[in-house]
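Hi,

Here is the structure I said I would pass on.

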Amino acid sequence: MKIGIDISQIVHEGTGVSTYVRNLVKAILEKDHHNEYVLFGASLRKLPLFLAYFQEVRVVNPRVRLVTVPIPPTVLEFLWNTLHIMPVEWFVGAVDVFWSSDWTQPPLMRAKGITTVHDVSFLRYPETFAKNIIDVQKRRLVWVKQECQAILCDSEATKKDVMNLLGIAQNKLQVVYPGFI
């Protein structure tokens with residue numbers, strides 16, 4: 001099986017999402033030496049961070065390759081969340097599964113979609129978020145609901161919020177606690 005993973009969020013070092021993505025991907029690569037992995041990173045100015053991470057994980061799993069594109073997150077968010085064009089397979093090649101990150105939901109040609117929803121506090125407490133953050137997340141979640149066969153949640157509370165606030169069926173949701181990564 002060939003698995004694509006969006007590691008774009010790792011460039012935001014020190015954030016919870018960056019730590020989650022870094023650690024989960026590394027743990028998967030340490031344990032699974034049967035499947036092939038394609039790590040996808042998009043950023044205009046932080047491409048060297050992807051290369052450094054790739055060199056780190058390639059040591060634990062040689063069945064991984066890196067694809068980077070010099071596209072700013074705002075452009076990719078517009079292409080993927082708003083227009084929903086340019087399938088991720090155009091960048092990474094054919095994959096069986098693609099795990100998207102926190103900011104964008106790429107169109108998929110044939111791949112099964114998986115994503116992580118870290119929380120939906122922007123829906124519960126919109127007054128505490130900038131309008132652009134709320135808008136980006138709402139656009140992304142429209143496509144998550146349509147294209148992802150599985151959604152990882154950080155906690156049972158997030159899982160319940162995703163079911164209740166987004167109307168996503170429980171059988172599509174799986175809790176993966178960050179502490180177990």
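Predicted model: local features only at pLDDT ≥ 70, side-chain atom pairs only at ≥ 80, totals over all residues.

Residues are numbered from 1 along each chain as its sequence is written, and side-chain values use heavy atoms, with hydrogens and water left out.

Let's start with the inside. In general, nonpolar side chains in soluble globular proteins tend to be buried together. A nonpolar core here is a set of buried Ala, Val, Leu, Ile, Met, Phe, Trp, Tyr and Cys residues joined through side-chain atoms within 4.5 Å. Buried means under 20% relative accessible area, exposed over 50%, and partly exposed in between, with a 1.4 Å probe and protein chains only. The largest core has 21 residues, and Ile5, Ile7, Val21, Val25, Leu39, Tyr53 and Trp99 touch the most other members. Two or more residues each come from β1 (2–6), α1 (16–31), β2 (36–42), α2 (47–58) and β4 (97–100). (Helices, H or I of at least four residues, and strands, E of at least two, are DSSP runs numbered from the N terminus.) The largest share, 6 residues, belongs to α1.

Not counting residues up to four places away in sequence, Tyr53 touches Ile7, Ile10, Val21, Arg22, Val25, Lys26 and Leu39, where contact means heavy atoms within 4.5 Å.

Now the helix pairs. The axes of α1 and α2 come within 10 Å and cross at roughly 30°. Axes are lines fitted to C-alpha atoms, for helices over the stretch in contact, and angles run from 0 to 180 degrees between N-to-C directions. That makes α1 roughly parallel to α2; the label covers angles under 35 degrees, with over 145 roughly antiparallel, 65 to 115 roughly perpendicular and the rest oblique. Val21, Arg22, Val25, Lys26 and Leu29 of α1 meet Tyr53, Glu56 and Val57 of α2. By type, these contact residues are 5 nonpolar, no polar and 3 charged. (Ala, Val, Leu, Ile, Met, Phe, Trp, Tyr, Cys and Pro count as nonpolar, Asp, Glu, Lys and Arg as charged, and the others, Gly among them, as polar.)

For α3 (residues 73–82) and α6 (residues 131–147), the axes come within 9 Å and cross at roughly 40°, so the two are oblique to each other. Glu77, Trp80, Asn81 and Thr82 in α3 meet Val136, Arg139, Arg140 and Trp143 in α6.

Last, the loops. Most residues other than glycine have a negative phi. Which way does His84 go? Its phi is positive, about 50°, although His84 is not a glycine. His84 sits in the loop between α3 and α4 (89–92) and counts as buried at 12% relative accessibility. Met86, in the loop between α3 and α4, also has a positive phi, of about 65°, and is partly exposed at 23%.

Pro126 is in the loop between α5 (121–124) and α6. Its relative accessible area is 36%, so Pro126 is partly exposed. Leaving aside neighbours within four places in sequence, Pro126 is in contact with Ser121 and Ile134.

Cheers
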